[in-house]
Amino acid sequence: MIYLRAALLLLWANLSAQAKDYPASFFGIYSDGATLNTRSIQYAIDYIHSNGGGRLVFYVGRYLTGSIHLKSNVTLHLEEGAVLMGSLNPFDYDRHIWTALVFGENQQNIAITGKGVIDGQGRQLARNVVNVIQKGLVKDLFRYDRPEAEARAVLLYFKGCQRLKLQSVTLRNSASWVQIYDQCRNVQLAGITVDSKAYWNNDGIDIVDSDSVSITDSYIDSSDDGICLKSHEASQVCQNIYVRNCTIRSSANAIKFGTASYGGFRNIRMVQNKVYDTYRSAIALEAVDGGFVEDVMIDSLVAINTGNAIFLRIGERVKGKKGRLENVRLTNIRVEVPATKADAGYEYEGPIEDMPRNVSPSSIVGMPDALVNNVTLKNVEIVYPGGGTSMVANVPLKALDKVPEKPTAYPDFSMFGELPAWGFYVRHAQNIRFDNVKLTCLKKDYRPAVVLDDVKQANLTPMLITDPDRKKPSVYSAHSTGLTLPGR
């Protein structure tokens, strides 16, 4: 992975050295924030592409546009103070599977660079999309009282592209997902900022069935999943992904992959990242659509004020197609889970759901005939608020079958409702290793720290559990074999 990143940097350095600069004004592109520049910008891109490639440079100003299509060997360079603004008119956008402000389809050597901004004006645009749907001008399922995500313009949609780069730019206020990289190869996202809380489904970064992707030194603040890996096709794999030194805030999950998970995910490395004020899980790894998750390493993660720490799940949302999740290593992780809603104050907060229940533990949950396999947690510390009481909800330890299986449900840490542990709930799993795991409960909780249900071959030592209520057992197991537990 290190050699891949070095090769990408050298490649882009060579390409940048050869690039010719073309000022946007040369093509009659106006920076007044009022003139619609779609045709002029597209002409400039086509011209530069046809003349050996180069950079289309936007200087200080506000450039209004509808959908534009990047071509091979063309870079959009936004100088500091330059803003590429999405039109508020829904009919100024093209739809190629997704609706987007900037498209790139089956292109090579394309980039968006500079310290400028791409602003989708998504709050107003999404409301205008609602307006044309209500007038009957556009057909849409309009589920959950909002247009489908594909009908609202994402900022960037790249499909089948190779050698693609984003550097230093700020992506702001998408009407839908912010940026999608679908079946792309050799992608470098370096030092970018995502500030997108304008509407629903504002995923920060979506990597779909792509190979050799590097995301480094970036900041993501999104009103949906922060960094989200997906596999949309059973014949494809999302692989060789490297994420380093990123900060994530989300009103959903910070790091998530698995919805969708039709193909698979392999060789994923995420190191030295930070998470804060995140509603759902800091880490959510899910194999629920028949695909696989394997060979994942997440190291040196700090998460403060997140609704859940770790969620690993196998499901069967497609009948007859069970997922596979194995060979996961989570190391040097510290998480603080609050008693209150972690994303309070977001314009589009996550919903209050699956109530009543006490604060959820981290969980590793497979299926009776599809076990999560070979998961190691080393040097992991999770601090919980405690305060769980049986007067709110209660799953008796002698009746663990009351926790529903829900193989076809949308995966999320709260999907099972009340869980019988405050620290970790492990069910339908094998070859689980806890090495120097520390679980702290700040207030008394009626539940034990760890519950193991249908677990084969697990070693939970050494583990330190700090619980104000010392009268109850720290670890409870049922229907399990081959266990090595603390104090035994």
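A disulfide is defined here as a pair of cysteine sulfur atoms within 2.5 Å. The model is predicted, so that local features need pLDDT of at least 70 and side-chain atom pairs count only at pLDDT 80 or more, while totals for chains, interfaces and linings use all residues. Residues are numbered from 1 along each chain as its sequence is written, and side-chain values use heavy atoms, without hydrogens or water.

View A. The disulfide criterion gives a count of 0. Cys238 is in no disulfide, the nearest cysteine sulfur being that of Cys228, 9.6 Å away.

**View B. Helix H2, residues 38-50**. Helices are DSSP runs (H or I, at least four residues), numbered from the N terminus. The 13 residues of H2 reach 18 Å from first C-alpha to last, close to the 18 Å expected at 1.5 Å a residue; the expected span is 1.5 Å times one less than the number of residues. Thr38, Ile41, Gln42, Ala44, Ile45 and Ile48 are the buried residues of H2. They lie on the same side of H2, because they cover an arc of only 155 degrees around the axis, taken from the directions from the helix axis to the C-beta atoms. Arg39, Tyr43 and Ser50 are exposed on the other side of H2, where exposed means over 50% relative accessible area.

Key
Helix = DSSP H or I, 4+ residues; strand = E, 2+ residues; numbered from the N terminus. Buried < 20%, exposed > 50% of the residue type's maximum accessible area, 1.4 Å probe, protein only.
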